[in-house]
Amino acid sequence: MVKNKGFVFLLIVCVMLAIVSGCSGQEKKETGANSPETHKLLLGTSSQGGTYYVWGGGWADIMAKAVPGVDIAVEVTGGPTSNMQLIQSGDMDLGFVTAWLGGEGYNGVGWTSEKHDKVRSIFAMYPSVMHMYSLQGKGIKTIKDFSSRHVSTGAPGSTSAEAGSALLDALGIKPSKISGIPTSTSVDGLRDGTIDAGFAVTGVPGPFMLDLETTHDVQHIGLTDEEMDKLLAEYPYWSEMDVPAGTYKHQKEDLKVVAFWNLAVASTDLSEDLVYDLVKSTFETNDQLQAVDPTAKDTIAENIKYSTIPLHSGALKYYREIGIEIPDELVPPEA
């Protein structure tokens, strides 16, 4: 009887080992060479609720479905300069930056003396433009009329504040007072007469401008060719853009304004194949991106020309594959 019990025990052990072995074999089969490699990536955006954060969350979800094995976690950061630094240090894989601050970061000029040479651009997202505005009847019709006036440039540290102050300095315009306050506060000041004119860097159309036009007649201000040439000579990472007449209720003609393209960037540590798949899938799912944020209508392959940072080799491969001409300065050193 004891011998029979021993035999039964050994039989049970053998069966269990066979089951475990089979499961292990099945697991190896399912995670073998034919299964997609898993890529857990970190994406640097900006403050929670900002356009970068919203855009990034939507893009990450879309990429998770479109590219097998990709899992992108969206991280709250300080914005473009922080994202450049985090990718350079190896603490971030992907990020969003403005062409202005990204270009300076890559070359180690402007806001930093360190060259952020591990950063590569992968696609252009959308442009933000510098709105310059006042109210009709104040006698302010050109940027030169900002002289001897109370002007708001935007919240301290914002692209609007940095660019607004830089523009005034470059063109030699001296307001009587400059206030660094948020756009919403600036608009309130314009309404109650405590502020004469303002700057605001946003997408087009800017929600703040649509709101202001519901209660007041807005004076939209553009730049002359001479003024634009002077600015671009001093700030080569800025861009020029025309806002078509009729974009806003009181805008009767095209406006020549400064634009700041926003770029998606990646670390050189990411493989060529992975970045190729991300870029290809981004353009193939553009309709889904536009449902996340309408600015994605400008996320098209041809707009990569607005980049100020050399391309990742995976992105370069995709653009060349579809026949996009790439400027020499955007071809990465490793290509």
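**Cavity, pockets and a buried helix**

The largest cavity has a volume of about 90 Å³, where a cavity is a set of points on a 1 Å grid over the protein atoms alone at which a 1.4 Å probe fits but cannot get out, and a volume is the space filled by probe spheres set on the points, which are joined across faces, edges and corners. The model is predicted, with local features needing pLDDT of at least 70 and side-chain atom pairs counting only at pLDDT 80 or more, while totals for chains, interfaces and linings use all residues. Residues are numbered from 1 along each chain as its sequence is written, and side-chain values use heavy atoms, with hydrogens and water left out.

**The cavity**

- A search of the whole structure finds 1 cavity of 30 Å³ or more.
- Its lining, meaning residues with an atom within 4 Å of a point, includes Val129, His131, Tyr133, Met209, His220 and Val257.
- Strand E4 (119-135) gives the most to this lining, with 5 residues, and strands here are DSSP runs (E) of at least two residues, helices being runs (H or I) of at least four, numbered from the N terminus.
- By class, the lining of the largest cavity has 10 nonpolar, 2 polar and no charged residues, with Ala, Val, Leu, Ile, Met, Phe, Trp, Tyr, Cys and Pro counted as nonpolar, Asp, Glu, Lys and Arg as charged, and the others, Gly among them, as polar.

- The largest pocket holds about 1100 Å³ of space, a pocket being an open set of points with protein on both sides within 12 Å along at least five of seven lines.
- Of the 41 residues that line the largest pocket, Thr51, Ser128, Ser158, Thr159 and Val201 are the closest to its centre.
- Helix H5 (159-170) supplies the largest share of that lining, 4 residues, and the lining as a whole divides into 17 nonpolar, 20 polar and 4 charged residues.
- The second largest pocket holds about 250 Å³ and is lined by 19 residues, of which Lys141, Gln219, His220, Glu253 and Leu255 lie nearest its centre.
- In the second largest pocket the lining divides into 5 nonpolar, 8 polar and 6 charged residues.

**Helix H4**

- Helix H4 (residues 99-107) is mostly covered, with 8 of its 9 residues buried, that is, under 20% relative accessible area (1.4 Å probe, protein chains only).
- Trp100, Leu101, Glu104 and Tyr106 are among the buried residues of H4.
- H4 is followed by Gly108, whose phi is positive, near 70 degrees.

Conventions:
Buried means under 20% relative accessible area, exposed over 50%, partly exposed in between (1.4 Å probe, protein chains only). Contact means heavy atoms within 4.5 Å.
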